[in-house]
Amino acid sequence: MSPAVRFQNVSRRFGSVRAVDGVSLDIEPGEFFALLGPSGSGKTTCLRLIAGFEQPDEGHVEIFGETVEGVPPYRRNVNTVFQDYALFPHMTVGENVAYGLMIKGVPRAERQAKAKEALAMVKLAGYEDRRTVQLSGGQRQRVALARALVNGPKVLLLDEPLGALDLKLREQMQEELKTLQTNLGITFVFVTHDQSEALSMANRVAIFNEGKIVQVGTPSDVYERPTSRFVADFVGSSNVLPPEFAGAHGGTATWTSLRPERIEVVSANAAIPSDYAAAKGLVSAVSYQGAVTRVTVMTEKLPLVATISAGTTLHKDDRVMLQWPKSAMVAMGDDA
Amino acid sequence: MTVALQETRRGIGGTISDVFFARPQLLTFLLLTPPLLWIGVVYIGSLFALLLQSFYSLDDFSGVVIHEFTLSTYQQLFEGSNVQIILRTVTMAALVTITSAIIAFPIAYYAARYARGWKKALFYLAVMMPLWSSYLVKVYAWKLILAKEGVITWFAGALHLNWLLNGILGLPVIGGPSLSFSYLGTYLVFVYIWLPYMILPTQAALERVPANFIEASADLGADPGQTFRTVIFPLALPGIVAGSIFTFSLTLGDYIIPQIVGNSRLMIGQAVYTLQGTAGNIPLAAAFTIVPMVIMALYLWMAKRMGAFDVL
């Protein structure tokens, strides 16, 4: 079976800027796929290439095996949930949801029934006759979702779907989106700059930097086995060890990632287990963050960050030992 | 040592600012009262006086206004030539409005959606510049363009298109001895003069339609024509209606353009001008003035019922 979305060496330039630069990517049917990266990294342009709002300058985009070059957005079987929802202010909630069906010429009674159903699916049953200006941010998000899904797209595109919502609502919507995607079995492709959102919702993640994909994998792949300094640093936070340091502390002499939560803080004269590496240093900062505490320790060569469970008696300038399992050191290669 | 919690007051200006800060409604009251009085007394008051006048009548023999309530003046409005004047003016105003809307929309759309930087500045300049010069100068300029010895006749001659010009002038009703003595000429000048008043509100309305509405409708399957009909046009409608209020009411009331460019048949504005001046028939002039107001009120009521203002 052909992939839901295939990018073959796709580039898109704006003036002299290569917004998307030689991207190749396969997104499988039924995947919940995240395009993750900082702003300006090309992830949104990739989404717009799938939707049809942009055309590639080079390369090739396929949706379910069909090439979509030159196919305008209104003839593609994909739908988008826009970042600021783009709900039409001159229509009611029900008319907004039924818009795509109206355009297709579905009879009024049928499209009203389908809109009702779609609104119920996003837990907004009975909102048909409201005006969109009366809705909260979370409700608008749901209407936008219903408006896209009612058309039965083969691929649903979501552009920073939760960006405008507050934290509690965002966590709730993350779960609902996940459930919805599992139940519907539609391929979801979403763009986000929030790594925790990507890790918690997606089956697979593509990480973008400067128009290129730097790593593709499952959330645990990209978190636990970053292949570059950029990924190690962007996905979660990480201690990036230079080759000399890594080589001298139980790893291989190459750029290496070490997650803060794998580092333990022990007393300066503690015995080090054989499969552990260690470094001595002075505590330079202690930052309480609720569930965890971040401790920054200045070792001989470089500062290392450790996160330990909350409640610590450490203070600035305490002399401590840091120790971590050698297996926690992830070698990333030289060109990283 | 104590630290001063309050800054020292800075003179009389500071005191006044403090008073206004403490009572924001006071400032609003002071700012709004003079213009509201102006509108209330001068405008509404004189309108009311006008309305009153229209219920009086003129004694045909003495030429004196009889200050007694009567509907006979309104009855005169519906007699022969007066009805003709009203129908002629309303038809002209409607045609001018429709034409302006059709010409204005693409210009406004381009300016709102595509023009940026110097192109936008050029747009504003091009639309506003005609408003900087005197209205009379522009109308007389058009008279010269449209006259029998004017630019258009000359061009028609040079291009061997006299037959076309004569054909157009030979058309019943809209034609005449020359463009400057025909309804067609009056219409052309009206459209030119009022066009900016249609472009600017339409452009302002289109400016408020976010680009992603157009993407959203395309995403939901609407081709450009469907997007125009179901999204862009409905959202621009309040602007078009606002513009049409200008073009329609300005045409209804104008008495200079048809005087300078046009045939001798009167429009409402000219009728009012003649009646209150030489004829001294203030009641009938007042009744004529009420006509555009009633038409505009009806028009707005219909526009509201059709949902033209729902997005405002």
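Visitor: Into which domains is chain A divided?

Guide: In this predicted model, chain A is divided into domain 1, residues 5–233, and domain 2, residues 239–331. The bounds come from an automatic or database domain assignment.

Visitor: How far apart do the C-alpha centres of domain 1 and domain 2 of chain A lie?

Guide: Those C-alpha centres are 39 Å apart. The two domains of chain A also have a contact, to which domain 1 gives five residues and domain 2 gives four residues. On the side of domain 1 that touches domain 2, two residues are nonpolar, none is polar and three are charged.

Visitor: Why is helix H1 of chain A called largely enclosed by the rest of the structure?

Guide: A residue counts as buried if 20 or more other C-beta atoms lie within 10 Å of its own. Nine of the nine residues of H1(A), residues 43–51, are buried, so H1(A) is largely enclosed by the rest of the structure.

Visitor: Which residues of H1(A) are buried?

Guide: They are A:Lys43, A:Thr44, A:Thr45, A:Cys46, A:Leu47, A:Arg48, A:Leu49, A:Ile50 and A:Ala51. Just after H1(A) comes A:Gly52, with a positive phi of about 105°.

Visitor: Is the crossing of H6(B) and H9(B) left-handed or right-handed?

Guide: The crossing of these two helices is right-handed.

Visitor: Which residues make the contact of H6(B) with H9(B)?

Guide: H6(B) contributes B:Tyr135, B:Lys138, B:Val139, B:Trp142 and B:Leu146, while H9(B) contributes B:Gly185, B:Val189, B:Tyr192 and B:Ile193. By class, seven residues of this contact are nonpolar, one is polar and one is charged.

Visitor: How many residues does each chain give to the contact between chain A and chain B?

Guide: Chain A gives 18 residues and chain B gives 17 residues. Within chain B, the elements giving two or more residues to the side that touches chain A are helix H10 (211–219) and helix H11 (224–253). H10(B) supplies the largest share of that side, six residues. The residues of the side of chain B that touches chain A comprise 10 nonpolar, three polar and four charged.

Notes
Residues are numbered from 1 along each chain as its sequence is written. Chains are lettered from A and ligands numbered from 1 in the order in which they are written. This is a predicted model: local features need pLDDT of at least 70, side-chain atom pairs count only at pLDDT 80 or more; totals for chains, interfaces and linings use all residues. Two residues are in contact if their C-beta atoms, placed from the backbone, lie within 7 Å. Helices (H or I, at least four residues) and strands (E, at least two) are DSSP runs, numbered from the N terminus. Ala, Val, Leu, Ile, Met, Phe, Trp, Tyr, Cys and Pro count as nonpolar, Asp, Glu, Lys and Arg as charged, and the others, Gly among them, as polar. A crossing is left-handed if the near helix is turned anticlockwise from the far one by less than a right angle, and right-handed if clockwise. A residue is buried if 20 or more other C-beta atoms lie within 10 Å of its own, exposed if 12 or fewer, and partly exposed in between; C-beta atoms are placed from the backbone.
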